Amino acid sequence: MRRSKYLLNTLKETPKEAVVISHQLMLRTCMIKQLASGIYTYMPFAVRSIRKIERIIRQELDRVGCIELLMPSVQPADLWNESGRWKNYGKELLRMKDRKENEFCYGPTHEEVVTDVVRRELRSYKELPLNLYQIQTKFRDEVRPRFGLMRGREFIMKDAYSFDVDEETCDASYWLMYEAYKRIFSRCGLNFRPVEADSGLIGGDYTHEFHVLANSGEDEILSCNQCDYAANVERCEVRQPAAFSGPELDKPRRVATPDAKTIEEVSNLLGVQPSQCVKALLYKTENEPVLAFIRGDRTLNETALRNALGVPELELLNEGDAREVGLVPGFVGPINAPDGLSLWVDPEVLAIEASVVGANAPDAHFTHVHPSHFANYQVTSLRQAFAGDPCPRCDEGVLASWRGIEVGQVFKLKTKYSESMNASYLDEQGHSKPMVMGCYGIGVTRTMAAAIEQNHDDAGIIWPVQIAPFHVTLLSLDVGSDEVDGAAETVYQALTDRGVEVLYDDTKGRPGFKFKDADLLGIPIQLVFGKRSLNQGLVDLKMRGTGEKRSVALAECVDETIAALRQQGWEHH
């Protein structure tokens with residue numbers, strides 16, 4: 001591709017609206033153009049990378065027997081009512097009506113549609129297992145779209161759905177896709193890690209996320225330094241202490257704590273450690289207010305509480321809401337709590353021999369609270385894991401923290417959708433049984449953005465060769481010179497004939513600008529043609545990733561370039 005004929009207008013300055021590096025660099029390299037909040041046009045330079053990611057995905061999914069189809073992006077509300085998600089999905093679901101006042105949504109995902117397809121087409125156990133996938137545009141109405149393609153509203157996604165006769169064969173399908181995902185992200189040239197995760201609104205009880213490791217990642221990942229355990233911080237298990245079983249040594253004492261509402265204020269006033277205090281947080285579900293208690297030095301894991309309650313959403317209530325249910329903000333505790341509240345306690349709280357809790361009265365706390373003084377509560381793990389915690393799976397390991405960008409997720413859905421939507425098959429005895437499902441997603445455009453977040457420097461992008469828009473950029477420093485133009489043209493054609501994708505910068509411009517522009521674009525190899533080098537029969541070759549530069553003989557330039565590409569993992573198609 002000749003730069004003079006290509007739509008690629010780079011920017012010198014970083015746009016003010018861009019915060020994360022992938023957003024900055026995609027705008028500067030003319031990869032995306034914003035149409036509306038969270039909605040972008042993918043420009044030619046981006047499309048080339050997107051198509052390469054899609055090709056890798058298709059090859060690996062076809063390899064494990066998946067079958068591609070393409071489902072409508074606009075979906076009828078009737079299907080979502082069947083699954084029960086029309087009300088539960090929330091405001092991210094873009095809802096609309098047609099001219100006949102029929103309700104529809106723009107699909108954020110396709111569980112309902114694919115289940116409808118399969119229940120209409122399959123009847124017998126002999127037709128299972130089946131795994132269908134598509135690469136499709138999705139829309140989720142994010143409340144605060146930001147960070148370019150990292151948190152946009154419209155995006156390209158690969159979603160796949162497996163259908164099996166029982167949980168055992170569903171497990172086999174799940175792990176087949178798990179391994180396929182590992183190959184996909186490896187072939188994309190990414191440093192990634194699969195981690196245990198929460199299934200969220202999709203449903204199911206078993207899932208893994210695939211995270212590209214990057215300092216700018218939104219998600220915290222905790223992984224063991226001794227075994228292969230890794231989990232999203234929201235899903236990470238915590239090794240629980242045993243409840244304190246010693247005798248009650250004292251009765252609770254009510255003490256004055258004027259204006260001491262926070263854990264820090266209470267611990268300083270009473271001369272105790274924050275770990276001896278109990279923190280109270282008030283939430284609201286659709287049905288009732290919920291009071292959760294954790295140790296004062298801990299952070300509550302809202303995902304753990306939501307899962308324990310079996311609700312799709314939680315709302316943290318403010319001081320005014322607390323007063324409405326009979327609580328005194330800043331002095332809330334488990335003793336003498338108002339009726340009508342659901343009380344949940346983290347096991348660490350019950351391991352404290354003598355804790356400090358709010359007295360449910362203004363300017364007062366109880367000290368010397370024994371676990372036996374708690375009443376009418378349920379116990380579940382509520383506190384968030386953190387780096388330095390002992391590994392919940394092995395005896396020697398300690399959890400370490402990483403930052404990750406989620407680019408894919410695999411779910412074991414079981415019969416959540418097949419039962420509610422009557423997707424069944426006849427077994428060998430002629431009995432009707434619900435199909436057991438799995439769900440598998442990859443954010444295609446998010447993967448591209450994550451690759452940039454992981455692979456860049458101060459000068460610009462450093463593309464993994466497998467998903468780079470072009471493999472080589474060929475820079476002519478003396479456009480119009482017969483000698484330079486002839487040599488550059490010969491190498492350009494030779495590389496192209498051998499399957500190398502070349503961006504030939506045949507535009508007139510200063511060498512310094514061309515070098516900076518080439519570094520910004522991040523194409524893996526730069527070949528520089530200039531009079532001075534060609535007079536000696538040489539061409540300058542630069543590796544964008546390492547910055548290594550060397551001069552190679554013009555006659556050997558093509559072979560040297562292809563050898564360098566292969567060292568980086570180039571696949572010739």
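A nonpolar core is a set of buried Ala, Val, Leu, Ile, Met, Phe, Trp, Tyr and Cys residues joined through side-chain atoms within 4.5 Å. In this predicted model, the largest such core has 61 residues. The largest pocket has a volume of about 1900 Å³, and the second largest pocket has one of about 400 Å³.

**Nonpolar cores**

- Within the largest nonpolar core, the residues that touch the most other members are Met31, Phe45, Tyr181, Ile184, Phe185, Met448 and Trp463.
- Trp463 is in contact with Met31, Phe45 and Met448, among other residues, when its neighbours within four places in sequence are left aside.
- The contacts of Trp463 also include Ser49, Ile452, Ala468 and Pro469, as well as Leu521, Gly522, Ile523 and Pro524.
- Another core, of 26 residues, lies apart from the largest one, and its members include Val472, Ala487, Leu495 and Val558.

**The largest pocket**

- The volume of the largest pocket is about 1900 Å³.
- The largest pocket is lined by 46 residues, of which Glu92, Arg140, Glu142, Arg151 and Glu406 are the closest to its centre.
- At least two lining residues come from each of β8 (154–164), α8 (302–309), β21 (399–414), β24 (436–443) and α11 (444–454).
- Strand β21 supplies the largest share of this lining, five residues.
- By class, the lining of the largest pocket is made up of 19 charged, 15 nonpolar and twelve polar residues.

**The second largest pocket**

- The second largest pocket, with a volume of about 400 Å³, is lined by 25 residues.
- Ala280, Pro329, Gly330, Phe331 and Val332 are the lining residues closest to the centre of the second largest pocket.
- Two or more residues of its lining come from each of α7 (263–270), β14 (278–284), α9 (319–324) and β18 (355–358).
- Strand β14 gives the most to the lining of the second largest pocket, with five residues.
- This lining divides into 17 nonpolar, five polar and three charged residues.

**Ser533**

- Ser533 is placed in helix α14, which covers residues 531–534.
- The relative accessible area of Ser533 is 16%, and buried means under 20%, so Ser533 is buried.
- Leaving aside neighbours within four places in sequence, Ser533 is in contact with Leu538 and Asp540.

Technical notes:
Residues are numbered from 1 along each chain as its sequence is written. This is a predicted model: local features need pLDDT of at least 70, side-chain atom pairs count only at pLDDT 80 or more; totals for chains, interfaces and linings use all residues. Side-chain values use heavy atoms; hydrogens and water are left out. On a 1 Å grid over the protein atoms alone, a cavity is a set of points where a 1.4 Å probe fits but cannot get out, and a pocket is an open set with protein on both sides within 12 Å along at least five of seven lines; lining residues have an atom within 4 Å of a point. Grid points are joined across faces, edges and corners, and a volume is the space filled by probe spheres set on the points. Helices (H or I, at least four residues) and strands (E, at least two) are DSSP runs, numbered from the N terminus. Ala, Val, Leu, Ile, Met, Phe, Trp, Tyr, Cys and Pro count as nonpolar, Asp, Glu, Lys and Arg as charged, and the others, Gly among them, as polar. Buried means under 20% relative accessible area, exposed over 50%, partly exposed in between (1.4 Å probe, protein chains only). Contact means heavy atoms within 4.5 Å.
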